[in-house]
Amino acid sequence: MTSSQAFRVALVGCGRISRNHFDAIAKVDGLSVSAVCDVVGQRAKEAGEKLGVPWFTSYETMLREAPCEIVTVMTPSGLHPAHGILAARAAKHVVCEKPMAITLASADDLVHACDDANVKLFVVKQNRLNPPVQLLKRAMDKGRFGKIYLANTTVRWTRPQEYYDQAPWRGTWEFDGGAFMNQASHYVDLMQWLVGPVESVIAKTATLARKIEAEDTGVAVLRFRSGALGTIEVTMLTYPKNLEGSITILGEKGTAKIGGTAVNKVEHWEFADADADDALVEASNTNPTSVYGFGHEGYYRNVLSVLRGEAVADTDGRGGRKSLELILGIYQSARTGREVPLPLKA
Ligand SMILES: NC(=O)c1ccc[n+]([C@@H]2O[C@H](COP(=O)([O-])OP(=O)(O)OC[C@H]3O[C@@H](n4cnc5c(N)ncnc54)[C@H](O)[C@@H]3O)[C@@H](O)[C@H]2O)c1
C-alpha cells in the first residue's frame, strides 16, 4: 500500500442522507464514487446521472458489476447488517450509516462478517468530528474536568408526521426504532464516548403525538462506571422547530456545554486551569444547514487514512456497537420498568 492509493466507493440507498455522502466523497482526494443503487429506480437514476456513474436497482448486481473497494450502506437501519454482510463477502470495506444495526445479534454478525473477510468496518458517527465536540473530547482526555459529577444530553427536535410518512420503515421496530435509535443516536453515542462506560440505565419512553410504533419522546438516567450520573432527554415534538441538540459535562474543575441545534456551538466553557485549547473555542463554532452537520467529509478522510494504513478508525464496528447496546438498554428499561445493567446479557 502506498499513501497515494485511491479507492472507489459504491453506495446503496439514495435517500435523505445520501447527498451528504456524495458531497463528502467529492471533497476527498483519493476517494471517488463508482456506482449508486436504490430499489427506487428514479432515485438511483437521478443520483447516477448527477454523479456521472452507473446506477443500479439491484444491490447484488451492483456488487457483482461495479468496480469498487468500499461499499457505503445508507439503507433503512434494519437492513444495514444484511447489506454490510453482502459487501464484506464480496471483499469490500464497509462504511455503514448509523445505527449499524438495530439488534446486537445482527450488529455482531456484521462485525464478524467483516473480520472473516478481512475488510474494515466503519460506522458513521460524524458528530464526534464537530470541532466543538473534538475540543470537549480533548478536555476530557486531558482530565481538565477532574472528577466528573454529571453529564446531560438533550435533543429537542421537531419531526412532523410527514417526515415519518415519507418512508414506511420510519418509526417501525423492525427497521428503525424511535427517537433514541434514530434521531438521537449520535447523542447517546457522545455520552458513552465522552463519559462512558455506562454501568446501568433506567428509562421511560412514550409515543405522545406521532403515529409510529416506536417512541417520539424519552428520558433516561445513567450511572457511569466512574460513579458519575447522567441524563438523556429526547423528543421529536418540539414546537415549532429544532431547539437544541446539546451535551453538558459538569466536573470538579470544569463545566462545559456544547449546544446549538446539533452540538455545533460552545455555549459554556469554564475550567479551573487554562489550556491552549481555550483560544480555539470561538473559532470552533459552526453553523450547519442541517442537524447532520459537516462531519461526513472528515469521516471519509479518516476512512481513507485507515485504508492507507496511516490512522486508526474514528468509529469501527466495535465502537459503533457500544452506543447500540446503550440504546437497547434504554429500550429494555422502558419496556420492563427496571434498571438495566450494562453490558446487556446475551
Ligand atoms: N449520520 C446521520 O446523521 C444520518 C442522518 C440521516 C439518516 N441517517 C441514517 O441513514 C440511513 C438512511 O436514512 P435516510 O433518512 O436517508 O432514509 P431514506 O428512506 O430517505 O433513504 C433510504 C433509501 O434506501 C433505499 N432502499 C431501501 N431498501 C433498499 C435495498 N434493498 N436496496 C437498495 N436501496 C434500498 C430506499 O428506497 C431509500 O431511497 C438510516 O439508517 C438513517 O439512520 C444517518
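The structure before us is a predicted model, in which local features need pLDDT of at least 70 and side-chain atom pairs count only at pLDDT 80 or more, while totals for chains, interfaces and linings use all residues. Residues are numbered from 1 along each chain as its sequence is written.

Let me start with the domains. In the protein chain, domain 1 covers 7-123, and domain 2 covers 127-287 + 324-341. Their centres, taken over C-alpha atoms, are separated by 27 Å. Domain 1 gives 11 residues to the contact and domain 2 gives 12 residues; two residues are in contact if their C-beta atoms, placed from the backbone, lie within 7 Å. On the side of domain 1 that touches domain 2, there are eight nonpolar residues, two polar and one charged. Here Ala, Val, Leu, Ile, Met, Phe, Trp, Tyr, Cys and Pro count as nonpolar, Asp, Glu, Lys and Arg as charged, and the others, Gly among them, as polar.

I turn now to the ligand. Which residues come nearest to the ligand? They are Gly 13, Gly 15, Arg 16, Ser 77 and Glu 97, out of the 24 residues around the ligand. A residue is near a molecule or strand if its C-beta atom, placed from the backbone, lies within 6 Å of it. The shell around the ligand divides into 13 nonpolar, six polar and five charged residues.

Methods:
Domains from an automatic or database assignment.
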